[in-house]
Amino acid sequence: MDKQHRLDLQALDAAHHLHPFNDNAALAKRGTRILDRGEGVYVWDSEGNKLLDAFAGLWCVNVGYGRAELGRVAAAQMERLAYYNSFFGCTTEPTVALAAKLAELAPGDLNHVFFSNSGSEANDTILRMVRHFWAVQGMPQKQVFIGRHNGYHGSTVAGASLGGMKGMHAMGGLPIPGIVHIDQPYWFGEGGDLDPVAFGMERAGQLEAKILELGADRVAAFIGEPVQGAAGVFIPPDGYWKEIERICRKYDVLLVADEVITGFGRTGPWFASQHFGIQPDVMTLAKGITSGYIPLGAVMFNDRIAGVLKSRGGELAHGYTYSGHPVCAAVALENIRILEHERVIERVQSDTGPYLAKRWMELGAHPLVGEARILGMVGAIELVPSKPSRRYFPDRGTVGATCRDLALANGLILRATNDAMLLSPPLVISRSEIDELVEKAWKTLDQTATTLGMKTAAA
Ligand code: PXG
């Protein structure tokens with residue numbers, strides 16, 4: 001793309017496009033980065049820079065960029081039947097096939113699917129369906145959802161309310177009534193002197209305390225991300241999720257696993273619930289379901305919930321124009337076929353995942369890194385002013401932003417949340433690309449340390 005064309009696009013973007021999760025005035029001044037094409041784990045921007053995308057877009061491009069197969073099935077489905085709805089007693093073949101495939105893949109008796117266009121809409125669906133599930137059984141008061149501070153469940157009214165991001169609550173008067181939050185199992189930041197397992201049990205115990213405070217007859221469900229993503233890749237301590245599951249069962253509170261990021265192989269197995277050995281009643285899916293090639297979200301319900309909704313739910317007063325869109329379903333099916341055919345999940349579990357973990361954990365030795373953590377192919381490093389303390393930099397977020405910008409200049413896309421650098425590459429990343437990623441990350445850490453006047457081995 002020639003320079004003038006890029007400048008024209010940036011000017012039009014600044015004039016007409018409001019960007020999500022951005023200070024739009026500052027962005028307009030700086031000029032947006034225009035991405036132009038992608039192949040495998042790489043994307044190219046309009047200035048011709050080749051960037052290793054260690055964040056898979058936004059945690060989603062699991063099969064990597066440039067998969068012509070996905071484009072071909074989308075085109076074929078558009079030509080055959082571009083759209084039909086699932087409302088008036090109708091469906092389409094790819095929609096049915098995808099529902100059956102998801103029921104096969106999802107653990108246990110999560111056998112029933114409701115389709116949305118995004119993870120946020122899927123969580124809105126869960127809020128309404130779960131409340132309805134209790135109401136039609138004569139328990140209309142059992143409707144409170146318990147989420148977690150700093151959880152992320154989307155940006156719609158219910159999604160952002162279920163999430164626990166303070167900045168999001170501040171915009172638009174959230175959370176809505178009937179949603180409360182407990183503390184997150186974030187040991188590095190909040191664990192104090194407790195060992196991780198004891199800390200995890202303490203945080204899980206907050207769920208029981210909250211249920212008892214509200215009364216179990218008022219609590220409909222608990223929702224959490226198996227590994228918190230947007231908050232900064234917080235991998236909960238061992239035992240946390242089993243304890244959460246135990247508490248949910250004890251009080252008949254439904255367990256909702258939001259697997260929007262963790263689904264489709266991100267943490268190793270197909271779903272992170274399998275890694276943690278828990279059986280959710282409801283599961284949220286999006287992102288990796290189509291590797292981000294086309295928007296799609298889904299809710300998986302277990303037999304118990306679907307049974308009640310079908311036998312006593314009456315007409316479900318809920319749905320989206322594009323629920324079960326045939327083109328999105330066809331792309332999702334092809335994406336899953338690629339994951340299976342190329343044994344991507346097996347490779348993440350037995351080969352590239354352990355290799356990435358080994359190499360990523362080496363970054364923990366860098367003077368700037370207070371902790372490196374990873375599960376499957378999702379990880380983080382926490383940048384700290386001094387080791388081995390778990391204290392933050394005084395001006396939180398500045399060092400992370402510097403590091404992110406330096407990474408970009410080195411041809412590496414890493415995400416910064418506060419001063420944690422996040423990792424979530426396409427699952428098809430090879431060993432040599434992993435080496436490149438870690439070498440670029442190490443070099444970037446050295447440069448970041450230099451800007452802080454810190455001495456490093458290389459400096
Ligand atoms: N649940 C989880 C766990 C997510 O990560 C959503 C729901 C919402 O999905 P949709 O498709 O409506 O965006 C998400 C999305 C970030 C960031 O800053 C993360 C997401 C979205 C936007 C920004 O890491 N995750």
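Okay, some housekeeping. It's a predicted model, so local features need pLDDT of at least 70 and side-chain atom pairs count only at pLDDT 80 or more, while totals for chains, interfaces and linings use all residues. Residues are numbered from 1 along each chain as its sequence is written, and side-chain values use heavy atoms, with hydrogens and water left out.

Let's start with the overall layout. The protein splits into domain 1 (33-63 + 343-451) and domain 2 (69-341), with bounds from an automatic or database domain assignment. Their C-alpha centres are 26 Å apart. Where they touch, 33 residues of domain 1 and 36 residues of domain 2 take part, contact being heavy atoms within 4.5 Å.

Now, the ligand. There are 16 residues around it, and Trp59, Gly119, Ser120, Asp258 and Arg415 come nearest; "around" here is a heavy atom within 4 Å. For polar contacts, think N or O pairs within 3.5 Å; within protein, one atom must be able to donate a hydrogen and the other to accept it, and residues adjacent in sequence count only if both atoms are side-chain atoms. A side-chain N or O of Arg415 sits 2.6 Å from a ligand oxygen. Asp258 puts a polar side-chain atom 2.7 Å from a ligand nitrogen. Gly119 uses a polar backbone atom, 2.9 Å from a ligand oxygen. On its own the ligand has 540 Å² of accessible area, and the protein covers 84% of that (Shrake-Rupley, 1.4 Å probe).

Who builds the shell? Helix α6 (119-135) and α3 (56-59) each give two or more, and α6 has the largest share, three residues. Helices here are DSSP runs of H or I, at least four residues, and strands are E runs of at least two, numbered from the N terminus.

Thr352, in helix α16 (residues 352-362), is buried at 4% relative accessible area; buried means under 20%, with a 1.4 Å probe and protein chains only. Beyond four places in sequence, Thr352 contacts Arg347, Met377, Ile429, Arg431 and Ile434.

Then there's Arg373, in strand β11 (residues 369-375). Arg373 is charged by class, yet buried too, at 8%. A polar side-chain atom of Arg373 lies 2.9 Å from the backbone oxygen of Gly232.

Methods
Buried means under 20% relative accessible area, exposed over 50%, partly exposed in between (1.4 Å probe, protein chains only).
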